[in-house]
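Colleague: I would like to learn how to read a protein model. Could we go through one step by step?

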Amino acid sequence: MIIKILIKTIKLTKLIFLRLPYFSCCGGHSTEFTKSLQSAAASTRPEETTCCISFLRNCNRRPLLLGVGALSLSLLSATPLLAAEGVPDKYQVFVDKADGYSYYYPSDWREFDFMAHDSAFKDRYLQLQNVRLSFIPTTKSDIHEMGPLKEVVYHLVNHVYSTPTQVADIMDMQEKNVDGKNYYTFEYVLTSPNFSRASFATIAVGNGRYYTLIVGANERRWRRVRNKLKVVADSFKVLYI
């Protein structure tokens with residue numbers, strides 16, 4: 001009976017989705033994501049850039065579908081698992097089987113809509129304390145093809161993640177291999193005239209996607225929450241789809 005209800009819900013969701021007009025999400029990209037896209041597009045072939053633009057035009061699907069078919073999609077594709085094996089205490093795991101990734105997040109955080117990102121969770125009271133994940137298409141198959149660790153991290157932090165009014169400091173960088181997949185994880189601080197934000201970023205390539213997970217907080221709280229957020233950064237995994 002439950003399966004029949006889910007099937008009907010999915011059919012209804014698809015019907016509504018097809019009849020609704022197109023809404024562009026490109027007007028609200030975050031600075032980090034927009035600059036990352038521009039950087040990636042500039043270094044790729046024309047056919048890759050076309051693929052990237054086409055891919056982004058569909059990035060509004062998650063907010064729209066969540067509005068009309070959240071029940072079926074959350075059960076079938078992107079699911080916060082409450083009791084997954086091996087998950088640390090006081091964390092939950094978010095798994096998106098459709099887009100091929102997973103990561104942990106603190107169990108008292110709440111999901112929210114972060115423009116141009118595929119998923120995001122934040123602290124209930126501290127808005128700057130959050131994790132978000134985005135991806136763009138790529139023809140590369142491994143993060144090593146983006147370049148050596150130090151060169152990639154320096155370029156991202158100083159020319160993609162930061163703005164001209166921010167001072168960027170790279171605190172640490174690491175490379176690891178999990179189940180045959182390579183990851184770059186690095187810690188950095190962006191200092192603005194009014195405040196500073198510290199973050200971890202983990203990047204990887206797989207499934208024709210270049211994934212970026214960023215988790216951070218206000219720099220004044222960094223000493224208290226650093227280890228907690230490092231668990232999130234280290235937990236990111238690419239799933240084969």
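Predicted model: local features only at pLDDT ≥ 70, side-chain atom pairs only at ≥ 80, totals over all residues.

Colleague: What share of the residues is buried?

Modeller: A residue is buried under 20% relative accessible area, exposed over 50%, and partly exposed in between, with a 1.4 Å probe and protein chains only. In this protein, 44% of the 241 residues are buried. The accessible surface is about 13200 Å², and carbon and sulfur atoms hold 58% of that. Such areas come from the Shrake-Rupley method with a 1.4 Å probe; for residues, only the protein chains shown count as cover.

Colleague: In what order do the strands of the open sheet come?

Modeller: Two strands pair if DSSP finds at least two bridges between them. The open sheet has seven strands in the order β4-β5-β6-β10-β9-β8-β7, with antiparallel pairing. β4 (110-111) and β7 (167-178) are at the edges with a single partner strand each, so one side of each has no neighbour in the sheet.

Colleague: How many bridges join β9 to β10?

Modeller: Ten bridges link β9 (residues 196-206) with β10 (residues 209-218), and the two run antiparallel. F200 has V215 in β10 as its bridge partner, and R197 stands opposite N218 in β10. These two strands form a hairpin with two residues between them, and N207 in the turn has a positive phi of about 60°.

Colleague: How many residues of β9 are buried?

Modeller: Eleven of the eleven are buried, so β9 is largely enclosed by the rest of the structure. S196, A198, F200, T202, A204 and G206 point one way from the strand, while R197, S199, A201, I203 and V205 point the other way.

Colleague: Which residues does S196 touch?

Modeller: Contact means heavy atoms within 4.5 Å. Apart from neighbours within four places in sequence, S196 is in contact with V189, L190, T191, N218 and E219. S196 and E219 are 23 residues apart in sequence, yet their C-alpha atoms are 5.3 Å apart in space. S196 is buried, at 16% relative accessible area.

Colleague: At what angle does helix α6 run to β10?

Modeller: An axis is a line fitted to C-alpha atoms, for helices over the stretch in contact, and angles run from 0 to 180 degrees between N-to-C directions. Helix α6 (residues 222-235) runs at about 160° to β10 and lies across β6 (130-137), β7, β8, β9 and β10.

Colleague: Where does α6 bend?

Modeller: The bend at a residue is the angle between axes fitted to the seven residues ending there and the seven starting there. In α6 the bend is about 35°, at K228. The expected span of a helix is 1.5 Å times one less than its number of residues. α6 has 14 residues and reaches 19 Å from first C-alpha to last, close to the expected 20 Å.

Colleague: Which residues of α6 are buried?

Modeller: An α-helix has 3.6 residues a turn, so residues three or four places apart point the same way. The buried residues are W222, V225, L229, K230, V232, A233 and S235 in α6.

Colleague: Is A116 buried or exposed?

Modeller: A116 is buried, with a relative accessible area of 13%. A116 is in the loop between β4 and β5 (119-122), and has a positive phi of about 70° although not a glycine. D179, in the loop between β7 and β8, also has a positive phi, near 55°. D179 is exposed, at 66% relative accessibility.

Methods
Residues numbered from 1 in each chain as written. Heavy atoms only, no water. Helix = DSSP H or I, 4+ residues; strand = E, 2+ residues; numbered from the N terminus.
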